[in-house]
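The following note sets out several points for a colleague who is examining this structure. Each point treats one region or one group of residues.

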Amino acid sequence: EEVTVDDDDGVFEVVQPNEQWQTLKPGQAVPAGSHVRLNLQTGEREVRLGEEQLKYWTQQHRWRAVLTGFCSAPSQPLLCLQDSAPSAFRPLDELKKDMAELDLLVETDVQIMRRLLDQFNSSNSTAEQKLSILQELEYLVHQVDNAQTLCAMGGLSFILQGMNSSDVRLQENSALVLGSAVASNPVVQVQAVEGGALQTLLTTLATTQPLNVKKKVLFALACLLRHFPYAQRHFLSHGGLQILSELFRADAGGILRTRIVTMLYDMISEKDPAHAERLRQYSQVSLQEELMEEGWCSLVPQLLQSTEHDCREKALRALLAMTPVCLDQYRSDDALLGSLLALRLQYSELIQSEIILGEETSYFTEIVELIDSLQVKVK
């Protein structure tokens, strides 16, 4: 079903999705909340109802089928009721019986994941099919319960197998599924560490891999370590900081450097003094000391040479967080002191320019405050 919408820029078609994947033509739009994917087998974009939309759509169509007694989806004959003539007045017992039969036909997320894992593990599945399965799983595991269920099914081992694949597309998408599954999900974080996910991630980073793979692996690693001191201890004991420092030094383009420093900053600053037990766990993580030993006190200042404001901001925040162990090195680092002076002047000028133009200056002002805070400490 399609409708035509007029706006200031012209006329375009809005596709009304259903529970099945359907192809999107160039210039077509979809309602908010729809689930859109790229079909790698055909190269075309496809759309179906989003999760919340699908629940509502499924329930509405099931009731419509029961109340009217005829099938509105010829491709799914099992949904057709025995009565071929529509009728709005049917016995309650008959309605309940039909609804019970229809309930058996609705595939739950658990059933979907079981089917996907079986297909992924099948020797007949091609790389393209496995890639499509990973994309479906990544969509599902954003729900906390689904991610935990996937682990209970043994899905974590399949994901790690995908990361060890010789196909870089499977590596990349497996890392994305892993990161989405462990994000803000302590139950899955524990199972991932105990299942060997941390070693797999670090090994992947330590070996020659395409840039896109390493970006997704860093995402998964950051999600695994965030707010999880147990994993951070294992990360340090497995030489994680050394692997990241080597990756930082080798990243001439600087694309990975910001991600690495952001992850380290999050690990340093996430401690919550309001929770005694959490503080006790973090006390067993010697992150700051190992950052100094691995040379990060001199590595992080290199990000200040970036032309990107975001990189500079993240570097300044990390430098401030590392002052308890790096302050002496900061004070003797002439390049760092010179960079702070130059950046202070540059951002002061940018603020004045924005004021003259009547633009918002809060972002540049925040960066200046970070520079001032760091300068105060190093004096």
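1. In this predicted model, helix 17 (residues 309–321) and helix 20 (residues 362–378) cross at roughly 35 degrees, and their axes come within 10 Å. The crossing of these two helices is left-handed. Helix 17 contributes His309, Asp310, Glu313, Leu316, Arg317, Leu319 and Leu320 to the contact. From helix 20 come Tyr363, Phe364, Glu366, Ile367, Leu370, Ile371, Ser373, Leu374 and Lys377.

2. On the chain as a whole, the model has 20 helices and five strands. The protein chain has 379 residues, of which 41% count as buried. Among contacts in the chain with a separation of 6 or more, 59% are between residues 24 or more positions apart.

3. The largest nonpolar core has 90 residues. Which of them touch the most other members? They are Leu178, Leu221, Phe235, Leu244, Ile260 and Trp296. Helix 10 gives the most to this core, with nine residues.

4. Residues up to four places away in sequence aside, Leu178 touches Leu156, Ile159, Leu160, Met163, Ala192, Ala197, Leu201 and Ala220.

5. Leu201, one of the residues touched by Leu178, lies in helix 9. Leu201 counts as buried because its relative accessibility is 0%, against a cut-off of under 20%. Its contacts, apart from neighbours within four places in sequence, are Met163, Leu178, Val217, Ala220, Leu221 and Leu224.

6. Gln171 is in helix 7 (residues 168–182). Is Gln171 buried or exposed? With a relative accessible area of 6%, Gln171 is buried. The side chain of Gln171 reaches the backbone oxygen of Met163 at 3.4 Å. Beyond its neighbours within four places in sequence, Gln171 is in contact with Gly162, Met163, Ser165, Gln209 and Val213. Met163 is also in contact with Leu201 and is touched by Leu178.

7. Helix 12 (residues 240–250) has as its buried residues Gly240, Leu241, Ile243, Leu244, Ser245, Leu247 and Phe248. What do these buried residues pack against? Their partners are helix 9 (197–206), helix 10, helix 11, helix 13 (257–269), helix 15 (287–293) and helix 16 (296–299). Leu244 of this group is also one of the core residues that touch the most other members.

8. Ser184 has a positive phi of about 55 degrees although it is not a glycine. Ser184 is placed in the loop between helix 7 and helix 8 (186–194). Its relative accessibility is 70%, so Ser184 counts as exposed. His227, likewise not a glycine, has a positive phi near 55 degrees. The loop that holds His227 runs between helix 10 (211–225) and helix 11 (229–237). At 42% relative accessibility, His227 counts as partly exposed.

Definitions and conventions:
Residues numbered from 1 in each chain as written. Predicted model: local features only at pLDDT ≥ 70, side-chain atom pairs only at ≥ 80, totals over all residues. Heavy atoms only, no water. Helix = DSSP H or I, 4+ residues; strand = E, 2+ residues; numbered from the N terminus. Buried < 20%, exposed > 50% of the residue type's maximum accessible area, 1.4 Å probe, protein only. Polar contact = N/O pair within 3.5 Å; in protein donor to acceptor, adjacent residues only side chain to side chain. Contact = heavy atoms within 4.5 Å. Core = buried A, V, L, I, M, F, W, Y, C linked by side-chain atoms within 4.5 Å. Axes fitted to C-alpha atoms, helices over the stretch in contact; angles between N-to-C directions. Left-handed = near helix turned anticlockwise from the far one by under 90°.
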